Amino acid sequence: MSAVRAIALALLATLAAGLGGCGGGDDAAKKPTATAPPPSPPAVRIGTKDFTEEDVLGELYAQALEARGFDVDLKRNVGSSEIIHQALDNGVLDMYPEYVGVLLSEVADVTMRPSSPDAAYRLAKAFEERNGFTMLAQTPFSDSNALAVKPSYAKRTGVRSIDDLKRASPRPRIGAPKEFQARFEGLVGLRRVYGIRKPRYRVLDFGERYAALDSGRVDVTVVLTTERQLSSRRYVILRDPRRLFASGHVAPVISRRVLQAHGPRFRQIVDAVSAKLTTDAMRAMNGAVDIDQRAPGDVAAEFLRRKGLL
Amino acid sequence: MVRGPRLFSLRAPKGSCTLRQRFRTRITTRVVALSAAASILLGLTLVLLIVAVTSQRDSARTAFRSQEALAAGSQLENAVITIENGLRGYVASGEKRLLQPVDDALRRYPGLQSTLSQLVSEEGGQRQRVRRIATMIDDYVGLWARPVIGLAGQSLDRARSQLLTNDTSTPEDTVSSRLDPIRSQFAELFKRERAVIDKRQHAAEQRSARAMGFGIGGLAFVLAVAAGLTLYLRRSIVRPVLTVADATGRLAAGDLATRVPAEREDELGDLAHGFNAMADSLARGRAELERSNAELTRSNAELEQFASVTSHDLQAPLTTISMYAELLERRRGSERDGDPDLVDGIREATQQARALIRDLLEYSRAGRGQLQLEEVPAGSIVEEALERLAGAIEHSRAQVEVGEMPVVLADRGNVCRVFQNLVGNAVKFTREQRPRVRIEAERHDGLWRFSVCDNGIGMNAEYAQRIFEPFQRLHGEEEYAGTGIGLAVCERIVDQHGGRIWVSSTPGEGSTFYFTLPAAERRRDARDEPAAARAGS
């Protein structure tokens, strides 16, 4: 019964489309200038945070959308989640790729750790939708924050998990990007969740974290789990038994008004890109940029072509 | 009246008229062409000057706009720095008052961006650079400054963490790291705009110098053209005209041999030809006049000679006839018994003929020949005249009164004849009553006016002129004797002395004859110019 109805509806739709097309064609032939084309919506302003993976993600979404005829204004290297979300709130940006866990803990101030990535996603999406935004589909890959040490340091101090840092002697020197100091997934969480008070903290540029660890300037640094440097076994990721660092799946946060203005195709394209972003794929692309020194745009274009999205 | 037609008749013959006409257009064409060329060159100079001045003004205006663009750019850059410093101060201290300059700058910067984009030059991609700067500032404000301020409103700690730097950074680096690209663009913008200003100022100076060059050159050129035209006009037109004017003056002074060169084949050539033709005409006229004058003089002399000779020669036979008539009367006086009237008739006719001939001779001599002028008391002349008329005066029992007489410069004999004739007439033309004659003299306008007044028969005013014509008589021979020559003789004599004679008379009451003679001192002054004196009288 339902199949019959579906076929009937499809036939009707096809007929209506055909008639509409013919009629439209006739009208167009008779009155070529009678109706002006609808005004195209303004360019979508996509922002990215200030590290490699965000650069690659921004390029992936922008190039895929541009390939389908959308105007995109990509604003690179805007800043941390705190800053870029303020820009989104202020209406300066329309969309940016965000980490679900970071969004919850640093923007939504949700320190409760959800039970699963999907739960975290739903919570984050609900938060955004209360403020006029929404989140598109989240990526298969998860890139969580984590703390890493050199194997030699772990061996010397016996530190295997974040909990061990509290007892490590001498007090560990933690190096991280500036926002780490005030974040829940940072010194705040370390103090509250793990009881690590007054660690020796050094601000590092995002790109110098591994070098600082290698040179011994710091003992611990914050890393992203999709970074290719971690696959070399030169670094040890500390276990997070109290789940300070939440889900690292990425989902684009977008203005609902903008999403509505650009129609369902927009969402389909973005979701299609997100669906292809596995952990391996992201690790490869991050490595291509960080280690192989390739341009994020080239790396993204190559991936999109390979996946048939460009 | 005579000159016009004569000059006209002396114009160039018709055959040369076409050629002359063709050349006549040459001087006009030359003047018109020179004027047109000078006007065009002057206009061209003015146009070049205007273009140069306008160009210089545009360059200066554009350079000024670039200066304004620099000022607007500096204000915009300062506004951005103010925003960055202000938000950092606010985030560091949490004091909201530090946001006041930030808010001001955030309000002002869009207007400054607009002003800068309007003022900046179009050269060297400056407009594009300003657009790029504007985009960068918009991104800085929208993606950094406002989010940081917003974040600070929620959590100063989080905001402060955004401003932290790594260990190797200095505070200056921190401030400038966000603004470095913008300030770098500003530096490039200013550098290029200054280059544009320098270039335009240089161009403005060059154009100013060019404008001054055009102005001075144009002025010198116009002066040179004016001087050239003046020299040309002086050489080609004024000098020939002055030559003709000088020749005209000499011609007017009597030098009829004056001629001007007439080689030119233009309007001035026509003028020279015309002048020469006029001079030829005048020379021919003078020669003709001199010939006529000589002929008239000769003819007059011959006539005078004829009259004189005739009068003289007629005297002799008349004297003979008169003498024979007297002899005939005397011889036959006692024995004649008839026809005594016939002899008397012969005698009277003979006497009349003799009187007529005498008077005719006198008239023909009067006013001729050289005057024997001398300073002489008029009283003595009158006295002599009255002596000559003594018989007639006595016969008519006339009463003659003579007033105070001056000294005059005159020919004594001739003037005596005038008084003699006038007093004689006064005594002769009387009525029954006793004649009364009054002779007076009166000084008038440098002349002496003599008057001879009588109480005679007078005359109508219509005869006042006629009586001075020879042989004019108002009365018959039988009424008053005379030949009608006396007053004509008087007029000739007075006229020769440079005077005038006229009469004022009323019929039945008498007549007064007036005549003028120059005073002695005046005559002395004008002795060398008797003709001029006559003309003046």
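Let us start with chain B, where buried residues make up 26% of the 537 residues. What you are looking at is a predicted model, and its overall scores are ipTM 0.79 and pTM 0.56. Chain B holds 14 helices and seven strands. If you take the contacts in chain B between residues at least 6 apart in sequence, 74% of them join residues at least 24 apart.

The mean pLDDT of chain B is 81, with 86% of its residues reaching 70 or more. Both ends of the chain call for some care. Over residues 1-23 of chain B the pLDDT stays under 50, and the model has 15 contacts beyond four places in sequence for that stretch. Residues 526-537 of chain B also stay under 50, and here the model has eight contacts beyond four places in sequence.

Now for some helix pairs in chain B. Two packed helices are described by the angle between their axes and the distance between the axes. With that in mind, find helix H3 (residues 99-119) and helix H4 (residues 126-154) of chain B, which pack at an angle of about 160° with their axes 10 Å apart. An angle over 145 degrees counts as roughly antiparallel, and H3(B) and H4(B) are therefore roughly antiparallel to each other. H3(B) passes H4(B) in a left-handed crossing. On the H3(B) side, the residues that meet H4(B) are Leu99(B), Leu106(B), Tyr109(B), Gln113(B), Leu116(B) and Ser117(B). Their partners in H4(B) are Arg127(B), Val130(B), Ala134(B), Ile137(B), Val141(B) and Ile149(B). By class, the residues of this contact divide into nine nonpolar, two polar and one charged.

One partner is helix H9 (residues 378-388) of chain B, which packs with H11(B) at an angle of about 55°, the axes being 8 Å apart. That angle makes H9(B) oblique to H11(B). The crossing of H9(B) and H11(B) is right-handed. From H9(B) come Ile381(B), Val382(B), Glu384(B), Ala385(B), Leu386(B) and Arg388(B), which meet Arg412(B), Val415(B), Cys416(B), Phe419(B), Gln420(B) and Val423(B) in H11(B). The contact of H9(B) with H11(B) has eight nonpolar, one polar and three charged residues.

The other partner is helix H12 (residues 486-496) of chain B. It packs with H11(B), which spans residues 412-428, at an angle of about 145°, and the two axes are 9 Å apart. The crossing of H11(B) and H12(B) is left-handed. H11(B) brings Asn414(B), Val415(B), Arg417(B), Val418(B), Asn421(B), Leu422(B), Gly424(B) and Asn425(B) to this contact, and H12(B) brings Gly486(B), Leu487(B), Val489(B), Cys490(B), Ile493(B) and Val494(B). These residues divide into eight nonpolar, five polar and one charged.

Let us move across to chain A. This chain has twelve helices and ten strands, and buried residues make up 43% of its 310 residues. Of the contacts in chain A with a separation of 6 or more, 76% are accounted for by residues 24 or more positions apart. The mean pLDDT of chain A is 87, and 87% of its residues reach 70 or more. Residues 1-34 of chain A are a stretch to treat with care: pLDDT stays under 50 there, and the model has zero contacts beyond four places in sequence for them.

Is Ala295(A) buried or exposed? A residue counts as exposed if 12 or fewer other C-beta atoms lie within 10 Å of its own; Ala295(A) has 12 within that distance, so it is exposed. The C-alpha atoms of Ala295(A) and Val56(A) are separated by 8.9 Å, although the two residues are 239 residues apart along the chain.

Finally, see where the two chains touch. Here 20 residues of chain A are in contact with 17 residues of chain B. On the chain A side, strand E2 (72-79), helix H3 (81-89) and strand E7 (200-203) each supply at least two residues. The largest share, five residues, comes from H3(A). By class, this side of chain A has seven nonpolar, six polar and seven charged residues.

Terms used:
Residues numbered from 1 in each chain as written. Chains lettered and ligands numbered in written order. Predicted model: local features only at pLDDT ≥ 70, side-chain atom pairs only at ≥ 80, totals over all residues. Contact = placed C-beta atoms within 7 Å. Helix = DSSP H or I, 4+ residues; strand = E, 2+ residues; numbered from the N terminus. Nonpolar A, V, L, I, M, F, W, Y, C, P; charged D, E, K, R; others polar. pLDDT = per-residue confidence, 0-100. Axes fitted to C-alpha atoms, helices over the stretch in contact; angles between N-to-C directions. Parallel < 35°, antiparallel > 145°, perpendicular 65-115°, else oblique. Left-handed = near helix turned anticlockwise from the far one by under 90°. Buried ≥ 20, exposed ≤ 12 C-beta atoms within 10 Å, placed from the backbone.
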